[in-house]
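Have a look at it first, then read on.

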Amino acid sequence: MYRSRNRPKRGGEDEVKGPNSALTQFLREEGISAENIKQKWYQRQSKKGEDGKGGKSEKEQSTQDDDSTTQVSQKEVIEEEEVDDLELGSGSETGKAEIAYDARMNLVAADSDEEEYETNSASATPVNLSPAKNQESLIKKRQNTAKIIQNRRKKRKRAANLLDRRVNKVSSLQSLCIGKISKNISKWQKETGDSSKLVFNRLRDVLGGVSTANLNNLAKALSKNRALNDHTLQLFLKTDLTKLTFNDCSKVSFDGYKTLAIFSPHLTKLSLQMCGQLNNESLLYIAEKLPNLKALYLDGPFLINEDTWENFFATMKDRLEEFHISNTHRFTDKSLSNLLINCGSTLASLGLSRLDSVSNYALLPQYLMNDKFHTLSIEYPLNEEYVNDEIVINILGQVGSTLRKLVLNGCVELTDSMIINGLTAFIPEKCQLEVLSLEELDQITTDSLVYFFSKVELNKLKECSFRRCLQLGDMAVIELLLNGAKDSLTSLSFNSLKELTKDAFVTLTCPDLTYIDLGFVRCVDDSIIQLLGEQNPKLSVIDVFGDNLVTENAKTRPGLTLIGRQSDSI
Amino acid sequence: MSQDFVTLVSKDDKEYEISRSAAMISPTLKAMIEGPFRERKGRIELKQFDSHILEKAVEYLNYNLKYSGVSEDDDEIPEFEIPTEMSLELLLAADYLSI
């Protein structure tokens with residue numbers, strides 16, 4: 001993990017943490033404390049008493065030193081002397097100083113500066129009782145500081161947990177173990193050096209008995225720690241895994257992919273995110289050596305060129321059922337047409353996101369012939385005009401009846417026409433749609449969505465996002481909730497719908513809803529949070545970033561967590 | 001044997017007694033205890049696990065029982081320590097026990 005709390009401890013107390021500055025830390029390490037300085041001062045004072053003239057000579061000394069302040073090496077000495085000067089000089093104001101001293105002693109326990117206010121005469125006798133008193137207050141102060149540090153640490157931990165969406169207070173033993181393993185995996189690797197292969201063979205023997213779900217969890221944990229590389233990759237070889245997802249492959253070399261292809265022949269679904277090192281050779285290797293591969297999800301494969309894509313799709317002809325690709329400028333219109341010509345009839349799931357060399361999205365409706373087509377995701381085209389109403393309407397006309405997941409995030413050219421003539425027209429009344437994400441479509445309005453929700457029964461809709469569809473108002477939300485979707489929704493996002501008012505939330509009662517994003521919906525306040533908690537029994541997380549009316553006084557039932565509340569920040 | 005306690009037996013025949021409610025945290029143990037099996041009597045043999053692994057698992061069950069009920073004041077929960085060298089085998093055990 002990346003947060004400070006998980007950094008390997010360098011040795012307990014040695015770290016700078018909590019409210020301590022580096023200076024405080026330095027002083028502590030060097031053994032310099034207020035108490036030390038004070039004791040030193042007492043010693044010097046008693047010495048002075050013996051010497052008699054000591055004070056004066058020191059004063060003279062210090063003035064001489066003052067002349068030579070430019071000498072950095074003497075600076076510290078001078079400062080110390082100056083403090084003494086001040087004390088000697090304050091002799092005339094004895095009474096005043098004593099009062100101030102007493103007041104300070106009561107208010108601020110064991111303040112390190114207090115000796116400034118002491119006088120020569122005072123130091124001879126009565127002050128000697130203060131060390132004991134000081135000792136006590138010092139301990140007290142330390143306890144206080146420790147408490148403050150602890151509180152801060154707690155608060156920070158809580159904030160970090162909130163951001164990690166760790167709602168469960170007690171994490172499962174499996175996740176604890178996986179965390180531990182992934183934290184140490186690179187360490188083991190370093191320790192064993194060249195013989196690392198053996199270690200990983202052993203690891204794999206042991207892990208062989210772990211369920212595939214946990215292997216995927218391990219992959220997730222490794223990716224999160226950026227610890228997935230050619231060595232750790234070996235954990236996933238020679239297994240019966242059929243589905244494998246790596247969320248961060250940035251450190252896996254092309255050789256790594258090749259070994260993966262050789263030793264995991266059962267894979268049917270492979271997802272490689274951030275696979276920047278995947279090259280032409282390895283991609284073709286994957287196509288060749290994984291005979292059962294049907295689904296491939298790639299993010300960032302920018303080393304693959306046009307020719308290789310052509311080869312790849314030719315190899316995968318009639319085999320590829322799911323293909324999602326994002327973040328590469330080498331996937332061109334030609335590659336897209338290759339994909340569609342070779343695999344268009346078998347494709348059931350297609351995702352195109354942030355492909356800066358693709359403009360001809362109009363090809364899609366001609367080739368998507370599979371009557372089991374279920375997932376379409378077109379996101380963030382380079383130019384908004386590339387994905388317009390006409391194209392989407394044509395695609396929906398082709399596959400709308402079977403669609404289960406539709407994602408059109410960031411296709412900002414789309415308007416109400418797409419909703420009315422596309423969604424409403426081609427999605428059957430009793431539709432199968434489970435995921436609908438129309439993020440950032442700022443041209444669609446409340447009216448068209450109200451029409452859509454009133455015509456189509458979304459009985460299976462689980463996830464719905466209208467993030468930053470800035471024109472949407474209350475009626476769109478209310479109509480969605482009047483729809484059959486109310487009973488099936490588990491996740492909702494109304495992020496940045498600034499037009500919404502409190503009325504929109506009165507009818508928000510979804511029995512299965514677990515997550516809702518209300519970030520930057522300015523009308524949301526404590527009362528709405530309370531209402532949502534009461535009306536939605538399974539709701540566990542509400543995002544409230546940027547909702548300044550949500551305060552620490554918001555009442556939430558147990559099991560419901562607010563994330564992004566201003567008062568929770570560190 | 002009291003009904004409120006369950007005994008877990010490790011590979012080397014060491015016995016660990018835990019409260020019934022702690023054992024119920026693990027769906028696997030729960031099924032064993034509630035099912036029509038011999039384990040109903042409160043003695044569960046987990047011979048595939050070494051004693052130190054089982055001990056840690058038992059420690060976790062108690063830890064979970066103690067802290068999962070703690071209300072809003074979640075700051076008081078200490079971290080559950082896992083020795084590095086144990087983590088892999090413990091993962092197997094945790095996987096088996098679904099905890």
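## The sheet of chain B

Three strands of chain B make an open sheet with mixed pairing, in the order β2-β1-β3. Strands and helices here are DSSP runs, numbered from the N terminus (strands are E, at least two residues; helices are H or I, at least four), and two strands pair if DSSP finds at least two bridges between them. The edges are β2 (15-19) and β3 (43-45) of chain B, each pairing on one side only. From one strand to the next, the twist averages 25°.

Helix α3 (residues 51-68) of chain B packs on this sheet, touching β1 and β2 of chain B, and its direction makes about 10° with that of β2(B). Touching rests on contacts, meaning C-beta atoms, placed from the backbone, within 7 Å. Angles run from 0 to 180 degrees between N-to-C directions, with axes fitted as lines to C-alpha atoms, for helices over the stretch in contact. Strand β1 (residues 5-9) of chain B runs antiparallel to β2(B), and five bridges join them. B:Thr7, for one, has B:Glu17 in β2(B) as its bridge partner.

## Ground rules

This is a predicted model, where local features need pLDDT of at least 70 and side-chain atom pairs count only at pLDDT 80 or more, while totals for chains, interfaces and linings use all residues. Residues are numbered from 1 along each chain as its sequence is written, with chains lettered from A and ligands numbered from 1 in the order in which they are written.

## Chain B overall

Chain B has four helices and three strands, running β-β-α-α-β-α-α from the N terminus on. Of its 99 residues, 26% are buried (20 or more other C-beta atoms within 10 Å of a residue's own, C-beta atoms being placed from the backbone; 12 or fewer is exposed, in between partly exposed).

## Two helix stories in chain A

Helices α12 (residues 254-263) and α13 (residues 280-289) of chain A pack at about 5°, their axes 9 Å apart. α12(A) and α13(A) are therefore roughly parallel (angles under 35 degrees). Residues making the contact include A:Tyr257 of α12(A) and A:Tyr285 of α13(A).

In helix α15 (residues 333-343) of chain A, the buried residues include A:Leu336 and A:Leu339. Down the axis of α15(A), its buried residues fall within an arc of 160°, so they line one face of the helix; the arc is that of the directions from the helix axis to the C-beta atoms. Their cover includes α14 (306-315) and β4 (322-326) of chain A.

Notes. Contact = placed C-beta atoms within 7 Å. Parallel < 35°, antiparallel > 145°, perpendicular 65-115°, else oblique.
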